[in-house]
Amino acid sequence: GVIHRINPELVVLDVTHGIEPGDVQRGGLALASYVPFSVPAVHLAVVDPGVGTERRALALAAGEHFLVGPDNGILWPAVERLGGIDEAVEISASPFRLEPVHRTFHGRDIFSPVAAQLASGVPISEVGEMVETSSVVRLDLPRPRLEGDLLVAHVIATDRYGNLALNVTADLIERSFLAAGGRVAIEAAGPATAEIAVGGTFGDVGPGEPLLYPDPSGSLALAVNRGDAATTFALAPGDEITLSPLA
């Protein structure tokens with residue numbers, strides 16, 4: 001509503017309101033999976049458990065895109081996908097913010113007005129005070145490790161179907177033993193199936209069987225055809241798994 005009031009001509013796309021409350025990592029990863037497919041735009045992301053505290057409010061320029069949100073790491077995965085930050089601006093005291101600013105509603109009073117102004121053509125230098133790009137908070141995400149025929153990965157998200165997103169990107173898949181049609185062994189803290197097929201879609205395995213496949217972002221995911229991989233493998237975001245090829 002605030003954006004529409006500032007400029008009714010702007011197109012507002014609601015990418016998702018499905019992020020779990022307070023899950024900054026999931027919000028950041030969702031944004032990062034979306035931006036490569038977007039036209040140049042202003043991306044507004046608000047998962048903000050620190051609202052009203054000393055955390056900064058930011059607007060970032062990254063190539064042809066702008067990102068607006070709290071400085072808690074949520075913007076970092078997206079700017080990495082976009083090639084890095086060109087400019088960073090602190091917008092807590094932006095001249096475009098609504099007054100009075102409610103301490104727990106910065107999405108309405110700070111982020112939305114600034115996003116609307118940027119989308120309307122206002123230069124980023126005019127929406128706040130410039131800060132060092134190196135000072136932007138980064139998400140501390142676990143890193144996968146490929147050690148010969150051993151791939152250590154981590155669950156980074158799960159969806160409502162129980163599919164598990166892993167931090168194994170498309171380029172790492174290409175460099176590994178994860179060829180479609182192959183089979184791998186999995187080791188995890190929970191009960192694990194010894195063999196899992198590598199495929200491209202759920203129908204590559206029978207109902208109730210597990211599958212490793214590239215998700216829509218191109219990264220590796222673990223699913224169970226017509227089932228729930230999170231429950232089957234007793235895995236949740238943050239858990240580590242080990243994959244190795246089967247002869």
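**Contacts, strands and loops**

Me: Which residues is Gln117 in contact with, leaving aside its neighbours within four places in sequence?
Reply: This is a predicted model. Gln117 lies in helix 4, residues 106–119. Leaving aside neighbours within four places in sequence, its contacts are Ile6, Phe96 and Val122.

Me: Does Gln117 count as buried or exposed?
Reply: The cut-off for burial is under 20% relative accessible area. Gln117 has 16% relative accessibility, so Gln117 counts as buried.

Me: How many helices and strands does the protein have, and what share of its residues count as buried?
Reply: The protein has 6 helices and 13 strands. Its C-alpha trace spans about 65 × 30 × 30 Å along the principal axes. Of the 247 residues, the share that count as buried is 45%.

Me: How far apart do the centres of the positive and negative side chains lie?
Reply: There are 15 positive and 31 negative side chains in the protein. The centres of these two sets lie apart by 4 Å.

Me: What covers the buried residues of helix 2?
Reply: Helix 2 takes in residues 24–34. Its buried residues include Val24, Gly27, Leu29 and Leu31. Among the elements that cover them are strand 1, strand 3, helix 3 and strand 7.

Me: In the open sheet of 5 strands, which are the edge strands?
Reply: The order is 1-3-2-4-5, with mixed pairing. Each edge strand pairs on one side only, and the two are strand 1 and strand 5.

Me: Which residue of strand 3 stands opposite Val42?
Reply: Strand 1 and strand 3 run parallel and are joined by 3 bridges. Strand 1 covers 42–44 and strand 3 covers 65–70. Opposite Val42 stands Phe66.

Me: What is the relative accessible area of Leu151?
Reply: Leu151 lies in strand 7. Not counting residues up to four places away in sequence, Leu151 touches Arg145, Leu146, Val168, Leu172, Phe177, Leu178, Ile241, Thr242 and Leu243. Leu151 is buried, with a relative accessible area of 0%.

Me: How far apart in space are Leu151 and Ser176, C-alpha to C-alpha?
Reply: In sequence, Leu151 and Ser176 are 25 residues apart. In space, C-alpha to C-alpha, the figure is 7.9 Å.

Me: What share of the contacts with a separation of 6 or more comes from residues 24 or more positions apart?
Reply: The count takes contacts in the protein with a separation of 6 or more. Residues 24 or more positions apart account for 62%.

Me: Which residues of strand 12 are buried on each side?
Reply: Strand 12, residues 220–224, is mostly covered, with 5 of its 5 residues buried. One side has Leu220, Leu222 and Val224. The other has Ala221 and Ala223.

Me: Which residue takes a positive phi in the hairpin of strand 11 and strand 12?
Reply: This hairpin has 5 residues between the strands. The residue with a phi near 95° is Gly218.

Me: What is omega for the peptide bond from Glu99 to Pro100?
Reply: Pro100 lies in the loop between strand 4 and helix 4. The bond from Glu99 is cis, with omega near -5°.

Me: What is the relative accessibility of Arg226?
Reply: Arg226 is in the loop between strand 12 and helix 6. Its phi is positive, about 60°, although Arg226 is not a glycine. Arg226 counts as exposed, with a relative accessibility of 77%.

Me: Where does Ala234 lie, and what is its relative accessible area?
Reply: Ala234 has a positive phi near 50°. Ala234 lies in the loop between helix 6 and strand 13. Ala234 is partly exposed, with a relative accessible area of 45%.

Technical notes:
Residues are numbered from 1 along each chain as its sequence is written. This is a predicted model: local features need pLDDT of at least 70, side-chain atom pairs count only at pLDDT 80 or more; totals for chains, interfaces and linings use all residues. Side-chain values use heavy atoms; hydrogens and water are left out. Buried means under 20% relative accessible area, exposed over 50%, partly exposed in between (1.4 Å probe, protein chains only). Helices (H or I, at least four residues) and strands (E, at least two) are DSSP runs, numbered from the N terminus. Contact means heavy atoms within 4.5 Å. Lys and Arg count as positive and Asp and Glu as negative; His and the chain ends are not counted. The place of a charge is taken as NZ of Lys, CZ of Arg, CG of Asp or CD of Glu. Two strands pair if DSSP finds at least two bridges between them.
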